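Please keep the viewer open and follow along.

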Amino acid sequence: MKTTLFRVIKIAALLLALILTIGILQEFVLCHADHNRQRIKGFFEEEKNSLDVVLIGASEVYSDFAPGCAYKNDGVRSYLFATQSNSILNYKSQLKNALETQSPDVVVIELNGALYGDEEEAVKEANLHNYSDNIPLNKTKLDWLSQDEIKNREEYLFPIIKYHNVWADDADFKYNKTIIQDKLRGYNYLKGILNETAVFKNTQRSMNDMLAMSANSKKPLTQIEERGLRDLLEYCKSEGIKNVVFARFPHIVVRRTFSRFERSNTVGDIVNEYGYDYLNFERDFEKTGLDEEKDFYNLDHLNIYGQQKFTAYLTDILKKDYKLTAKKLSDSQKAEWDECAEYYDAYRAYSDSLIKKGEKKELSEDCDLIEKLKDYS
């Protein structure tokens with residue numbers, strides 16, 4: 001009897017050790033560590049019910065809006081809960097995760113993920129893994145996995161299956177180290193920003209000056225993208241979620257991308273059909289105060305100068321029209337956000353210095369960047 005019990009204990013201990021080893025490897029070694037992982041992991045480190053604004057979407061979100069700037073100027077706390085080339089298939093899950101951990105005044109959902117016009121892009125594994133690899137294994141993730149479009153579900157349930165032969169290189173190590181530091185600290189400094197130090201010189205004919213007159217120019221969405229968008233809107237409506245606003249962030253629209261603008265008009269109609277607002281900052285480009293020749297780093301993303309302008313512009317709209325207010329903070333909360341604002345000021349100054357020197361770099365938060373920013377604080 002004792003021998004049998006001893007064997008059971010040994011087997012249980014071995015299984016536990018195996019599970020712990022796999023968990024550590026999956027979390028810190030055999031994984032795809034990059035700015036998406038750091039940003040999503042960082043969201044779940046934020047103090048519960050501490051954010052005033054959550055912004056959901058793709059790269060437009062983390063290039064165009066600066067939480068440190070919004071806090072410094074208006075006292076509001078925000079986070080960029082977004083991933084690169086985000087798919088509309090992720091959006092409902094993102095909203096669920098956001099509202100399970102936070103009670104913001106408003107959620108801003110930028111709908112680029114519904115506008116690719118390409119079903120392969122909507123179901124592209126990289127675009128799905130950027131989000132799903134980095135969220136907790138809970139009912140929300142299982143609901144996400146149940147979508148018909150998700151294939152190879154075991155790789156999303158246990159990402160180590162996909163990355164089992166990947167060993168961290170220097171870039172992965174930097175992000176893993178940053179994630180560990182964020183976890184120990186309880187938050188990240190820049191709240192998900194990624195930007196590029198460049199001023200874009202457009203050589204194509206910009207169509208932005210005619211977009212306000214093109215509201216009736218429309219193209220259909222793909223079946224997957226419309227299904228994903230309606231699924232998101234049905235969820236919002238069925239749950240009685242009122243503190244959400246949908247948006248299209250600014251872009252320089254050229255002939256090649258005009259069809260995407262036309263799909264965004266269709267998206268606006270669908271959003272309005274469900275009784276929600278759609279803020280189209282492409283059609284209202286002139287009102288944003290953005291300068292096409294100074295404020296972008298490519299056709300689709302604002303640089304550090306445009307980012308500051310658009311952060312102030314969007315925050316002002318949210319305060320006026322969507323009941324966004326600054327809250328009284330505890331001493332520890334104020335210390336955290338004051339520090340975040342200081343790091344953003346340093347990020348802005350560092351970016352400005354690189355642009356003036358003509359050095360084009362992609363800057364997202366990692367341990368090396370934070371060390372550099374200390375010289376600019």
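I started with Lys319, which makes a salt bridge to Asp74, with 2.8 Å between the closest N and O atoms. By my cut-off, a salt bridge is a side-chain nitrogen of Lys or Arg within 4 Å of a carboxyl oxygen of Asp or Glu. This pair links distant parts of the chain: Lys319 sits in helix α15 (residues 304–321) and Asp74 in helix α4 (residues 67–74), 245 residues apart. I took helices (H or I, at least four residues) and strands (E, at least two) as DSSP runs, numbered from the N terminus.

A note on the source: this is a predicted model, in which local features need pLDDT of at least 70 and side-chain atom pairs count only at pLDDT 80 or more, while totals for chains, interfaces and linings use all residues. Residues are numbered from 1 along each chain as its sequence is written, and side-chain values use heavy atoms, with hydrogens and water left out.

Next I looked up accessibility, where buried means under 20% relative accessible area, exposed over 50%, and partly exposed in between (1.4 Å probe, protein chains only). Lys319 is partly exposed at 37%, and Asp74 is partly exposed at 23%.

How many salt bridges does a search of the whole structure find? I got 32.

Then I turned to Lys174, which forms a salt bridge with Asp368, the closest N and O atoms being 3.6 Å apart. Lys174 lies in helix α11 (residues 170–185) and Asp368 in helix α17 (residues 367–373), so this pair ties together parts 194 residues apart in sequence. Both ends are partly exposed: Lys174 has 25% relative accessible area, and Asp368 has 36%.

Lys219 is in the loop between β4 (194–196) and α12 (223–238), and Glu262 is in helix α13 (residues 258–273), so the bridge ties together parts 43 residues apart in sequence. Is Glu262 buried or exposed? Glu262 is buried, at 10% relative accessible area, whereas Lys219 is partly exposed at 36%.

I also noted a network: Asp52, Arg77, Asp105 and Lys327 are joined by salt bridges that share partners.

Last, I checked helix α16 (residues 331–356). Its 26 residues reach 38 Å from first C-alpha to last, close to the expected 38 Å; the expected span is 1.5 Å times one less than the number of residues. Just after α16, I found Gly358 with a positive phi of about 75°.
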